Amino acid sequence: MNRSRYSVLSAVSVLVFELGCSSPSYVGEKEAAADRKAATKNTESKSDDAGTPVTTKPEPSVTTKPAKPSSPTPTKPAGSPAAPSPTPASDGDSGAPAATEPAGPSPASTPEPAAPTDTAPDPEPTAPATDPTTAPTPAPQPEGQPAGDPAPGSTETKLPESNAVLLNPDDAIAVADANLPDYTEFPFDAETAAQRQQETAEALGVPPAAYIELGDGVIMEFELVPAGHSTLGSPDDTAGWEPDEMLRDVVCERPFYLSRFQVTREQFKALMGTDALNDPYSFVRMSDSPFQPALAKYESVRDEIKPKLQAVAPEGWTIRLPTEDEWEHAARAGTGTIWYSGDTADDLAKIGWYNGNSNNNLHDVGMLAPNAWGLYDMVGNAWHYAFRATGWYSDEDGESHIVRGGDCMQEAFGNGCRTSNYQIEMVTAGYRFAMDLP
């Protein structure tokens, strides 16, 4: 028994010696396999179930590249280096291709590096090419804020284009001497409204849209409001209706100019020499944008701001707040609907900032659509002071005053932004000025 075991071991030793490698063991299989591969590249060592090494030499064969999958090939980014073509490895000097290695390493073999594939390596990070014809993607708007409107605090907004010209008082004809048309029909459409504005301007010798200079390159624009009949108020079945909104026919006897926008912070500073202060008592979120309405107390508007504007107005022309009827006549511009744009909340959203589209933010003036007479933001965004000569909440009242038009925190209907609705304001509000011809 001992002799036959010796004979077997001797035979194995001779074979191992001839191969020029040491006999593998379970402890050093990996190192032994590496040594064998270095000595004879065409020899592959495998183990049988008993662990006895079995040496085989594969038949020469041609290595073929696996077929490409049927799924679409990813597009290679422009400028990426071309993928190297995989070349079969040759067997030393013989030139025969080496046998294909198994997918994963076996216990008796050394893992080989992954073969090249058709997938291009990731390109080196480079700066993206700039296409001068492609506009950059705009930043997302805050929730509830319409496209095109800057985020609160932005000063990038510009006022809408205008055809206003510098007012030349020397060309004006006194109202008493002008041959003004007598407009009695109401309601009327936008085309008729524009035609009346143009006819009135020609009769008075003034432009339909004019501006005056405030100083420091700042101007205030005005739109001409024709005289004529209007039906003010609202039907008694309107949500939020109150007795002072009863439908009534009124006659605006004299044409007048009304500022195109509410007075802005930029205009306030040009007139007053100081910045308009944000109202610390207001729940409206505001910013320092020069084009936002400059909120103020009624007494400040009447006693401080109006005199400053009067000082730069043409001589003989009068600066004042519009009356309630004048304000509504101008806001309607010939329309008998809740707003000059229609009767639905969607109609309001086209022309005014209210709690359904403002995110409770005060917005720059002139961002939405004007009425047929070129007046912006007549409803929503900021309440308007209106003049009432006597009685409750009148100019004589020391605390509370009439405001019209609603603001960015009000609802569309009810006691909110309806054109015929009014409120009482004890703190601050927005304002726009009327300017009378001589």
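**A walk from helix to core**

Let's start with helix α6. Its buried residues are E324, E326, W327, E328, H329, A330, A331 and R332. That is eight of the nine residues in 324-332, and the helix is mostly covered. Just past the end of α6 comes A333, with a positive phi of about 50°. One reminder before we go on: this is a predicted model.

Now the sheet. How many strands does the open sheet have, and in what order? There are six, running β3-β4-β5-β8-β13-β9, and the pairing is mixed. Look at the edges. β3, residues 165-166, and β9, residues 318-320, each have a single partner strand, so one side of each has no neighbour in the sheet.

β3 pairs with β4 in the parallel sense, over two bridges. There, L166 sits opposite Y211 of β4. β4, residues 209-215, and β5 are antiparallel, with six bridges between them. Y211 turns up again here, opposite E221 in β5. The two strands form a hairpin, with two residues between them. In that turn, D216 has a positive phi of about 60°.

Next, β5 itself, residues 218-225. Why do we call it largely enclosed by the rest of the structure? Because seven of its eight residues are buried. Its other partner is β8, residues 256-259, which runs antiparallel to β5 and is joined to it by four bridges. Across that pairing, F222 stands opposite S259.

A word on packing in general. In soluble globular proteins, nonpolar side chains tend to be buried together. In our model, the largest nonpolar core has 37 residues. Which members touch the most others? Y257, Y431 and F433. The elements giving two or more residues to this core are α3 (190-204), β4, β5, α4 (265-272) and α5 (298-312). There is also a second, separate core of 24 residues, with F188, A193, V225 and L258 among them.

Stay with F433 for a moment. Beyond its neighbours within four places in sequence, its contacts include F222, Y257, S259, V301, I305 and L309. Both F433 and Y431 are buried.

Last topic: rings. The structure holds eight aromatic pairs. One of them is F186 with F188. Their centres are 6.0 Å apart, the planes are at 90°, and the pair is edge-to-face. Is F188 buried or exposed? Its relative accessibility is 10%, so F188 counts as buried. The cut-off for buried is under 20%. Y431 and F433 pair up as well: their ring centres are 5.9 Å apart and the planes are at 65°, so this pair is edge-to-face. Finally, find W373. Ring pairs link W373 with F186 and F188 into a cluster.

How values were computed
Residues are numbered from 1 along each chain as its sequence is written. This is a predicted model: local features need pLDDT of at least 70, side-chain atom pairs count only at pLDDT 80 or more; totals for chains, interfaces and linings use all residues. Side-chain values use heavy atoms; hydrogens and water are left out. Buried means under 20% relative accessible area, exposed over 50%, partly exposed in between (1.4 Å probe, protein chains only). Two strands pair if DSSP finds at least two bridges between them. A nonpolar core is a set of buried Ala, Val, Leu, Ile, Met, Phe, Trp, Tyr and Cys residues joined through side-chain atoms within 4.5 Å. Contact means heavy atoms within 4.5 Å. Rings of Phe, Tyr and Trp (its six-membered ring) pair if their centres lie within 6.5 Å; planes under 30 degrees apart count as stacked, over 60 as edge-to-face and the rest as tilted.
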